Amino acid sequence: CDFVAQVADAAVRERGRFVCCLSGGSMPKFLAPLSKMECDFAHWHVFYADERCVPLDHEDSNHRACSEAFLSGTSIPPAQIYAINACVEPAQAALEYQESLRALFPEIPLPKLDVALLGMGPDGHTASLFPNHPLVQYEGPDWVVPIEDSPKPPACRITMTLPVLNAAANVAFLATGASKAEVIPRVVADPDPLLLFMAVVGRVWMFVGVC
């Protein structure tokens, strides 16, 4: 959490705002201490790297998990926490979410998030980008895309694309729990190309076993 707070403070000082994207899984618990820290939350803009197309109060919702873990305890303006429209089809939800992101980053090819806070699945997925899924190869103009055949339920989701995640100034991965024990050697000792988070380049940080 100190890492996130430091990146946020620097971004607010330099550019007047901090823009990040969050994932679900263990990330909300990891970020919980932020609600007790002295941060300039008025200038935070929070997106989700991916989201399940379920009602916002559903137990599978990343928005619900992050809200309950820490967002509700901060003074981030509600209008600067970007939840999906759960009342429309995935394609429309992705389009509307992309428009919210483009509003902060107009007229540039890719958004420049200050940090992308991501998890890593034991199968190698990150966000809702799964090994061998066609979306992994997506290099089109859209920043957020729908997925209706996720190999991990629920099937319908939206996700930021790999080029968008790669464009972030910082990318931080969180790996916790026994299910990740087999993944870490595949990252450190012998990088495995099937691990999608190995395709993320730039300033990459990894936090292991912190929750």
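Tutor: Leaving out residues up to four places away in sequence, Q80 touches F41, A42, H43, W44, H45 and V46; contact means heavy atoms within 4.5 Å. This is a predicted model, in which local features need pLDDT of at least 70, side-chain atom pairs count only at pLDDT 80 or more, and totals for chains, interfaces and linings use all residues. Residues are numbered from 1 along each chain as its sequence is written, and side-chain values use heavy atoms, with hydrogens and water left out.

Student: Is Q80 buried or exposed?

Tutor: Buried means under 20% relative accessible area, exposed over 50%, and partly exposed in between (1.4 Å probe, protein chains only). Q80 counts as buried because its relative accessibility is 16%.

Student: How do I read a pair of aromatic rings?

Tutor: Such a pair is described by the distance of the centres and the angle of the planes. Rings of Phe, Tyr and Trp (its six-membered ring) pair if their centres lie within 6.5 Å; planes under 30 degrees apart count as stacked, over 60 as edge-to-face and the rest as tilted. By this rule there are four aromatic pairs. One of them is F47 with Y82: the ring centres are 4.1 Å apart and the planes at 0 degrees, so the pair is stacked.

Student: Are F47 and Y82 buried or exposed?

Tutor: F47 is buried, at a relative accessible area of 0%, and Y82 counts as buried at 14% relative accessibility.

Student: Which residues do ring pairs link into a cluster?

Tutor: The cluster consists of F18, F41 and W44.
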